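Subject: Structure handover, salt bridges

Hi,

Here is the structure I promised to pass on. My notes on its salt bridges follow below.

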Amino acid sequence: MLTLSLNQRAALLSVLLLVVGLLAWEAAIPAQKAVGELTEYEILTGAGAPKAGVPPPSQVIAKAWEQLSDPFYDAGPNDKGIGIQIGYSIYRVLTGYFLAALVAIPLGFLIGMSPVAYKALNPFIQVLRPISPLAWMPLALFIIGDSEASAIFVIFICSIWPMLINTAFGVAGVREDWINVARTHELGALKTAFTVILPAAAPTIVTGMRISIGIAWLVIVAAEMLVGGTGIGYYVWNEWNNLDLTSVVFSILMIGVVGMLLDAMFGLLQRRVTYVE
Amino acid sequence: MKPFLSIENLTQRFPDGAGGELTVFEEATFGVEKGEFVVILGHSGCGKSTIMNILAGLAEPTSGGVIMDGQEVKGPSLDRGVVFQNYSLLPWLSTLKNVSFGVAARHPEWTKAEVEAHSTKFLAMVGLEGDVIRRKPSQLSGGMRQRVSIARAFANHPKLLLLDEPFGALDALTRGTIQDELLKIWGQMEQTVFMITHDIDEAILLADRILLMTNGPQARVAESVEITIPRPRNRTEIVEHPNYYAIRNHLVQFLGKRSKELSGKPSAPGQANTPATVRIDKAQTTEDPEDTQPALRAVNS
Ligand SMILES: Nc1ncnc2c1ncn2[C@@H]1O[C@H](COP(=O)(O)OP(=O)(O)OP(=O)(O)O)[C@@H](O)[C@H]1O
Ligand SMILES: [Mg+2]
């Protein structure tokens, strides 16, 4: 008899679920149209309008093929390839994210190492952290003026907190013994920070970075819907305005794929810095 | 002349958590000579680790001070190597890196190759060679980790080596092997060693002199017992030496009974608490009876 490994069985089940799901979706579409009995929500959102039917997967796949075979075309402000749109989003996310890291990690170090700094800054962090990043948008647009920079600012402000808190937490939790090893070897403050505290706290810091990139990717879609112009969030909103639900579904999937890839990158980094005690 | 390491009127108090103060030890005063192997014995909680942390410069005493080689101990230094009770290896570094980062700190002018060669040599000295030194500490056994930690300390040639229950977590067999290795390296390097242990036999095997501490709080370093057994010593042979059981009985007596009887007496401020020297030597009893009598009386009491 054929025996499959755990991974093989899981993969088989995944494929099966995908096929069944797609078939059910495909089968459900015409039925839905035929019923003509719409829920209140569908009426409100216009899903019942003849042009705006939810597309079957076959249409989405055709759309994906069409889009992905020429992802970087540029035919004016409202018609750009999916690659260009995602590129804009990634650029904004990474810019805001790295600016946040540049602030959060050194500041987190300081807070983690100094109980005074921790106590002094904690109330500010506690108040600022729960603010929805989008709530900053009007203020950012007013103060910064530029919509592009405002979107980056929103990413900055939403990615800073998990990194800041995790860095502070990781640094504060570095074992006293390891610090003592550095002290008995007369390592200077900077050397201790880079050769002992940073590697010791790295798993916690990278966890914070991973949470941040996830949040940043969630927020960019919403931010771009607000500021418009370019980006995957704008693209989704624009296609919705065009009532091109096939493109909407396709771009939703793309958002998921890119988010997954970003997360996987940090997963890889996390594995590299993790150590066993 | 002052001894190489001079502990002067060392007092340590901690807040006791109930608003009052807990005096761990007061006015402790003793010396350690250069090249000497001194072991400190005492019950749990009497303040051995506290003394060691002060000697290492990792902690500050409430009052009093430590002078090493004519200089006051202020903060940690590469001249005082510490082997921590829990090894304190850095888990993200390989075994070799755990030693070499210390060597590089000691000799910043060395090339990478020199640092590695030196580190490898000391790892080999404690029996760690080849493939093993590329592994992470988590992939080593407890005994191997302890040896890495010893190699790290020895590789830096500290003037004073501080060992806090270095073999506490090891099984008897591994313990024996590493004790032998420690003696071998110490014999080659003429280092001054200050070590904490709970194990009487280990203390007799290793030490030139054993300091006995009374129970805390207000513990005192009450006695300094010379180990009058010639070196090189060997685990199986020292038990046959006429002094072995006399010394051992004295230590057992102290830890079993007198450490409690002598404890808890506050001392006058400013008055140094110096340990009484005890020399138990059966071979010498006939030649110099006066010198040994108090010690023998202590054994019989
Ligand atoms: N930071 C501290 N704050 C308050 N009390 C402390 C502190 N460090 C040590 N003590 C107290 O000092 C006493 C001596 O502690 P120490 O760790 O030196 O004991 P020890 O002799 O090394 O014991 P063991 O053999 O169990 O390791 C204990 O009563 C302990 O509770
Ligand atoms: Mg201790």
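A residue counts as buried under 20% relative accessible area and as exposed over 50%, with partly exposed in between. A:R210 has 26% relative accessibility, so this arginine is partly exposed. Please keep in mind that the model is predicted.

Over all chains, the structure holds 22 salt bridges. Here are some of them.

A:R92 and A:E224 form a salt bridge, with the closest N and O atoms 2.7 Å apart. A:R92 sits in helix α4 (residues 82-113) of chain A, and A:E224 in helix α9 (residues 189-227) of chain A, so this pair ties together parts 132 residues apart in sequence. Both A:R92 and A:E224 are buried.

Helix α9 of chain A also carries A:R210. A:R210 forms a salt bridge with A:D263, and their closest N and O atoms are 3.0 Å apart. A:D263 belongs to helix α11 (residues 245-273) of chain A, so the pair links parts that are 53 residues apart in sequence. A:D263 is partly exposed, at 30% relative accessibility.

In chain B, salt bridges with shared partners join B:D69, B:D79, B:R106 and B:K159 into one network.

One more pair from chain A. The side chains of A:R175 and A:D177 meet in a salt bridge at 3.4 Å, N to O. A:D177 has a relative accessible area of 18%, so it is buried.

Best wishes

Conventions: Residues are numbered from 1 along each chain as its sequence is written. Chains are lettered from A and ligands numbered from 1 in the order in which they are written. This is a predicted model: local features need pLDDT of at least 70, side-chain atom pairs count only at pLDDT 80 or more; totals for chains, interfaces and linings use all residues. Side-chain values use heavy atoms; hydrogens and water are left out. A salt bridge is a side-chain nitrogen of Lys or Arg within 4 Å of a carboxyl oxygen of Asp or Glu. Helices (H or I, at least four residues) and strands (E, at least two) are DSSP runs, numbered from the N terminus. Buried means under 20% relative accessible area, exposed over 50%, partly exposed in between (1.4 Å probe, protein chains only).
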